[in-house]
Amino acid sequence: MTHRLRFFCFGLFSGLIASAAAAAQALPPDARLPVLAEPALSSQGDTLQTPMACLIEPFQVSELGSASAGVLSNVLVQRGDVVKKGQVVAELNTSVDEATLGLRRAEAAYLGRVVDRNADLFKRQLLPAGDYDEMTSRSRQAQLQVALQQAILAERSIKSPFDGVVAERYAGPGDRVNDNKIVKLAQINPLLVKVVVPEGLYGQIKADAAAQVTVNAAISDKPLQGKVWRIDRVMDAASGTFTVLLRVPNEGNTIPSGIRCSVKF
């Protein structure tokens with residue numbers, strides 16, 4: 001029985017091969033099998049006349065901390081406040097630093113008087129040059145210690161690096177800070193508009209080119225005027241796109257950041 005089954009399977013397999021060979025011989029000599037083509041990328045939307053989706057972001061964001069460890073005595077801003085460049089936004093306790101500065105100033109003043117008293121003796125050659133040089137060196141070192149302590153005291157005041165708004169407040173009076181954040185600031189004048197553009201438009205968008213940015217009518221019923229600021233030189237291979245950044249003036253901080261928009265070049 002086993003031999004018969006093997007013979008039957010062998011015969012069936014041979015018949016299939018013969019049928020395939022016969023079908024192949026029936027094809028004309030120049031016949032080719034169909035080739036499955038890869039789907040072509042759609043070129044729809046690859047035109048500057050089509051509005052593109054975009055996102056409005058702050059021009060720059062900074063999370064402020066302290067250069068030295070200490071305890072906050074005051075945080076002078078709240079979330080949403082407008083700040084100016086150089087404005088103090090937080091202060092650390094400075095009682096110890098102020099006392100140290102007073103001590104350094106007293107030492108510098110005393111050594112300065114010592115140098116003044118001995119200057120006439122040195123001119124009349126009644127004081128060895130080595131002794132006078134030591135006095136003047138100690139006086140100079142004391143003055144540098146005063147300048148150093150003044151710099152340390154200045155670091156106790158945290159100042160805004162640019163004009164902007166307070167986006168977040170992380171700490172308050174009494175909190176100890178070291179390398180942690182105190183406040184987060186965002187510059188929203190100008191605004192930064194991020195557009196993801198199809199690679200088919202690469203080279204068609206030029207630096208400083210004008211563009212119209214449209215936002216929700218409840219925010220602004222007129223298009224915002226922007227200019228191309230940066231164009232990516234590295235493509236995103238996965239999506240076949242690149243990013244273009246635009247600058248949009250925002251006098252008075254009237255337009256918020258973090259909103260969706262559309263742009264037309």
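Is Phe242 buried or exposed? Phe242 is buried, its relative accessible area being 2% (buried means under 20% relative accessible area, exposed over 50% and partly exposed in between, with a 1.4 Å probe and protein chains only). The model is predicted, so local features need pLDDT of at least 70 and side-chain atom pairs count only at pLDDT 80 or more, while totals for chains, interfaces and linings use all residues. Residues are numbered from 1 along each chain as its sequence is written, and side-chain values use heavy atoms, with hydrogens and water left out.

**View 1. Aromatic pair Phe122 and Tyr132.** Three aromatic pairs are found in a search of the whole structure. Rings of Phe, Tyr and Trp (its six-membered ring) pair if their centres lie within 6.5 Å; planes under 30 degrees apart count as stacked, over 60 as edge-to-face and the rest as tilted. Phe122 and Tyr132 are stacked because their ring centres are 4.4 Å apart and their planes are at 5 degrees. Phe122 is partly exposed at 32% relative accessibility, whereas Tyr132 is buried at 16%.

**View 2. Aromatic pair Tyr202 and Phe242.** With ring centres 5.0 Å apart and planes at 80 degrees, Tyr202 and Phe242 form an edge-to-face pair. Tyr202, at 39% relative accessibility, is partly exposed.

**View 3. Charges over the rings of Tyr170 and Trp229.** A charge sits over a ring if NZ of Lys or CZ of Arg is within 6 Å of the ring centre and within 35 degrees of the ring normal. The charged end of Lys181 is 4.8 Å from the centre of the Tyr170 ring, over which it sits. Arg230 lies over the face of Trp229, 4.3 Å from the ring centre.
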